[in-house]
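Hi everyone, thanks for making time this morning. I'd like to walk you through one structure, and please stop me whenever you like.

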Amino acid sequence: MAMRQSSRDVNRNAYTITYDSSSHWQVLTQMHGSVWPTVLPYCLFNASVMVSLSLLRYYDIDDFEISNMGHVYITMVVAFLLVSRVNTSYARYNESRNFLSIMYREVRELISTMAAVTKPKNDTIPSKEWRLEVAYRTCILLRTAMAVIDYPEDEIAPWNLVELNGLEKEDVTRTTFLNPQVAALRTERLSEFEESMRVPIRISYLLRKSIHSNSTRLNNPMNIALEGRLLSSVDGFMNGFYGMRKFLTTPVPFPMVQMARTFLFCYVFTIPFTFLSDSVVSGIYHAIAVFIITYGFIGLETCAIELDNPFGKDPNDLNNLALAHTCIEDVYLTILDVDGLEFAERLRKRMHLGTDYTETESNSLLGGKV
């Protein structure tokens, strides 16, 4: 039975939430990707507490009024911690998206440069086989990197991907700690997630070897400057991957998150008690005010939580796997242009082993018949 690729829908039309910022009505009422489903229970709870306290006081059953001086003093602290939290999460979100862009860009640049500089004087079968090998190792480098990013959600290790096969899978199995003999070299036992981060590093090594082998496999090898340019694309990709690795292994410091959330909850859920000291006797007014204040504070914290991890199945998460598939399809099209339908088809089939691959899909993408 073939391993599953991913539990997410990679054919999703949008890579993330889309909306029309010029339409006030759409922005205010759109539920897909909104914080309302998460925040609404908190708002209703706090408003109901306000109504209950008002009724208890109105019927002289009990009075839970507290001074609002505490809120006056900690309002600035809560606002500072909450805004800092959101800004930190948003900065991390943009940083992770930048690292993804670097990886996608370098894959496209590597393949297009390789095709442009080697095609004119290298049109033999061995030359095409070399380009096919470089293209496959580039694609599988990107795919294994995406598997590392998605592992916390999908728990699919890169070595279990159906796209990783042939000599490359044998090499990963033989030269990493999946091999019991090699495992004896490690200092301490790591989690499967941490071990999975080694796979793209190993694939990048194989890709560098393939690029360097042009001197013996091409009729007209590249000069050292052109070879260095391809290798620099691999370096650029790995810089993006190492940045993502840092992102995945360095969350927002826990003490900051804990402190901000403690202050936030203590502040928000004691607001109904301070409102009892308001001279306005309308319980409805108090309930509405508490509802809106709760939405504002808890909503910002919910946004920060969403931004903390931009990868997964949530509506606002980046569909990095769909972006990677688009990038891999660009590689197919480049190979189609330089080496023809046969080699583009071979690359596509190798990247789709174990999936519902059909000849119709192939013809649709490649614009021809097998």
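Let's start with Thr144, which you'll find in helix H4. Keep in mind that this is a predicted model. Is Thr144 buried or exposed? Thr144 is buried, because its relative accessible area is 0% and the cut-off for buried is under 20%. And what does Thr144 touch, leaving aside residues up to four places away in sequence? The partners are Pro158, Leu161, Val199, Pro200 and Ile203. On that side of things, Arg198 sits 54 residues from Thr144 along the chain, yet their C-alpha atoms are separated by 9.8 Å.

In general, nonpolar side chains tend to be buried together in soluble globular proteins. Here the largest nonpolar core has 63 residues, and Met103, Leu142, Met146, Phe237 and Leu347 have the most contacts inside it. Two or more residues of this core come from each of H3 (69–118), H4 (125–154), H8 (198–212), H10 (224–249), H14 and H15. Which helix gives the most? That would be H4, with 15 residues.

Take Met146 as an example: setting aside residues up to four places away in sequence, Met146 touches Leu100, Met103, Tyr104, Asn320, Leu321 and Ala324. Apart from this core lies another one, of 18 residues, including Val35, Met50, Val268 and Ala289.

Next, a helix pair. H14 (residues 320–339) and H15 (residues 341–350) pack at an angle of about 155 degrees, and their axes are 7 Å apart. Angles over 145 degrees count as roughly antiparallel, so that is how H14 runs relative to H15. Their crossing is right-handed. From H14, the contact uses Val331, Tyr332, Ile335, Leu336 and Asp339, and from H15 it uses Leu341, Phe343, Ala344, Leu347 and Arg348. Sorted by class, this contact has 8 nonpolar, no polar and 2 charged residues. You'll remember Leu347 from the list for the largest core.

Last stop, the loops. Where does Asp60 lie? Asp60 is in the loop between H2 (36–58) and H3. Its phi is near 55 degrees, a positive value in a residue other than glycine. Asp60 is exposed, with a relative accessible area of 69%. Glu155 is in the loop between H4 and H5 (166–175), and phi of Glu155 is near 55 degrees, again positive in a residue other than glycine. Glu155 counts as exposed too, at 58% relative accessibility.

That's my tour, so over to you for questions.

Terms used: Residues are numbered from 1 along each chain as its sequence is written. This is a predicted model: local features need pLDDT of at least 70, side-chain atom pairs count only at pLDDT 80 or more; totals for chains, interfaces and linings use all residues. Side-chain values use heavy atoms; hydrogens and water are left out. Axes are lines fitted to C-alpha atoms, for helices over the stretch in contact, and angles run from 0 to 180 degrees between N-to-C directions. Helices (H or I, at least four residues) and strands (E, at least two) are DSSP runs, numbered from the N terminus. Angles under 35 degrees count as roughly parallel, over 145 as roughly antiparallel, 65 to 115 as roughly perpendicular and the rest as oblique. A crossing is left-handed if the near helix is turned anticlockwise from the far one by less than a right angle, and right-handed if clockwise. Contact means heavy atoms within 4.5 Å. Ala, Val, Leu, Ile, Met, Phe, Trp, Tyr, Cys and Pro count as nonpolar, Asp, Glu, Lys and Arg as charged, and the others, Gly among them, as polar. A nonpolar core is a set of buried Ala, Val, Leu, Ile, Met, Phe, Trp, Tyr and Cys residues joined through side-chain atoms within 4.5 Å. Buried means under 20% relative accessible area, exposed over 50%, partly exposed in between (1.4 Å probe, protein chains only).
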